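This text goes through one protein model, from the overall make-up down to single residues. Please keep the sequence and the 3D view at hand while reading.

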Amino acid sequence: MRHLDGIDATPYVQPAERAADDGARGEHSRLAVAGDAGVGSAQPNARPLVLIAATNRACDLDRALLSRFALKLTFPLPDAAERAAILGVHAAHLSAPERERLARDCDGASGRTIRAACDAAERSWASRLVRARIAGRSVEASAPPAAEYDAALRAQCGAERRLADPRGGHVER
């Protein structure tokens, strides 16, 4: 069994460009062979292979690559309660009402987006604490307040919304 997270980031080159980029062609060929090596493969002595590929951007994947997968599962974006639970993992020190408010405010965010925003909030807060100490101010080490997570979630979600496709819709997250 193989798991490829973020398969949309795997190098793929259109046929006209393949000769110039053997590395990308090789990677795509390995994926194609892996996709063909499942049960019922025409390859003699092929071991069955289960390949699990994950993406938040299925719209960016090549149809030929997608055709090699026998099954497609779609998971919806988390609802408010699920977003609050995700925030409970990444910002456990916040109160339940704070996590619930943040979850309501980031409607449409994926778990990955929430995690990235929490990581950004913690880096930003740590940076503020370090700069304050360098400046000679006495500060106690503490976890970031809800406002730090709020700002990071707004920035992260805003950045993703700016990835709108040319047809006026938004890219799949």
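What share of the residues in the protein chain is buried? Of the 173 residues in the protein chain, 28% are buried. The model is a predicted one, and the values in this text are computed from it.

The overall make-up comes first. The protein chain has 7 helices and 2 strands. Read from the N terminus, the order of the elements is β-α-α-β-α-α-α-α-α. The accessible surface of the protein chain amounts to about 11,400 Å², and carbon and sulfur atoms account for 54% of that surface. Among the contacts in the protein chain with a separation of 6 or more, 62% are between residues 24 or more positions apart.

One part of the surface can be picked out by its side chains. Met1, Val50 and Ile52 make a nonpolar surface patch of about 320 Å². Met1 is found in the segment before β1, the strand of residues 2-5. Its relative accessible area is 74%, so Met1 counts as exposed; the cut-off for exposed is over 50%.

Next come two helices that pack against each other. Two packed helices are described by the angle between their axes and the distance between the axes. For α4 and α6, the axes come within 10 Å and the crossing angle is roughly 35°. This crossing of α4 and α6 is right-handed. On the α4 side, the contact is made by Arg83, Ile86, Leu87 and His90; on the α6 side, by Gly111, Ile114, Arg115, Cys118 and Glu122.

Helix α4, in which Ile86 lies, spans residues 80-90. Leaving aside neighbours within four places in sequence, Ile86 is in contact with Pro78, Gly111 and Ile114. Between Ile86 and Gly111 there are 25 residues of separation in sequence, and their C-alpha atoms are 6.7 Å apart in space. Is Ile86 buried or partly exposed? Its relative accessible area is 21%, so Ile86 counts as partly exposed, because buried means under 20%.

Helix α6 also holds Ala120. With a relative accessible area of 26%, Ala120 is partly exposed. The C-alpha atom of Ala120 is 8.8 Å from that of Gln156, and the two residues are 36 apart along the chain.

How many salt bridges does the structure hold? There are 5 salt bridges in the structure. In one of them, the side chains of Asp150 and Arg101 meet at 3.8 Å, N to O. Asp150 belongs to helix α7 (residues 146-161) and Arg101 to helix α5 (residues 96-105), so this pair links distant parts of the chain, 49 residues apart.

A salt bridge joins Asp150 to Arg154, with the closest N and O atoms 3.2 Å apart. Both of these residues lie in helix α7, 4 residues apart, which is about one turn of the helix. Arg154 is exposed, at a relative accessible area of 54%. Through salt bridges that share partners, Arg101, Asp105, Asp150 and Arg154 are joined into one network.

Another salt bridge is formed by the side chains of Glu148 and Arg128, at 3.5 Å, N to O. Why does this pair tie together separate parts of the chain? Glu148 lies in helix α7 and Arg128 in helix α6 (residues 111-134), so the parts tied together are 20 residues apart in sequence. Glu148 is buried, with a relative accessible area of 8%, whereas Arg128 is partly exposed, with 43%.

Conventions. Residues are numbered from 1 along each chain as its sequence is written. This is a predicted model: local features need pLDDT of at least 70, side-chain atom pairs count only at pLDDT 80 or more; totals for chains, interfaces and linings use all residues. Side-chain values use heavy atoms; hydrogens and water are left out. A salt bridge is a side-chain nitrogen of Lys or Arg within 4 Å of a carboxyl oxygen of Asp or Glu. Buried means under 20% relative accessible area, exposed over 50%, partly exposed in between (1.4 Å probe, protein chains only). Patches are made of residues with over 30% relative accessible area and no salt bridge: like charges are joined within 9 Å, nonpolar side chains (Val, Leu, Ile, Met, Phe, Trp, Tyr) within 5 Å. Accessible areas come from the Shrake-Rupley method with a 1.4 Å probe; for residues, only the protein chains shown count as cover. Contact means heavy atoms within 4.5 Å. Axes are lines fitted to C-alpha atoms, for helices over the stretch in contact, and angles run from 0 to 180 degrees between N-to-C directions. A crossing is left-handed if the near helix is turned anticlockwise from the far one by less than a right angle, and right-handed if clockwise.
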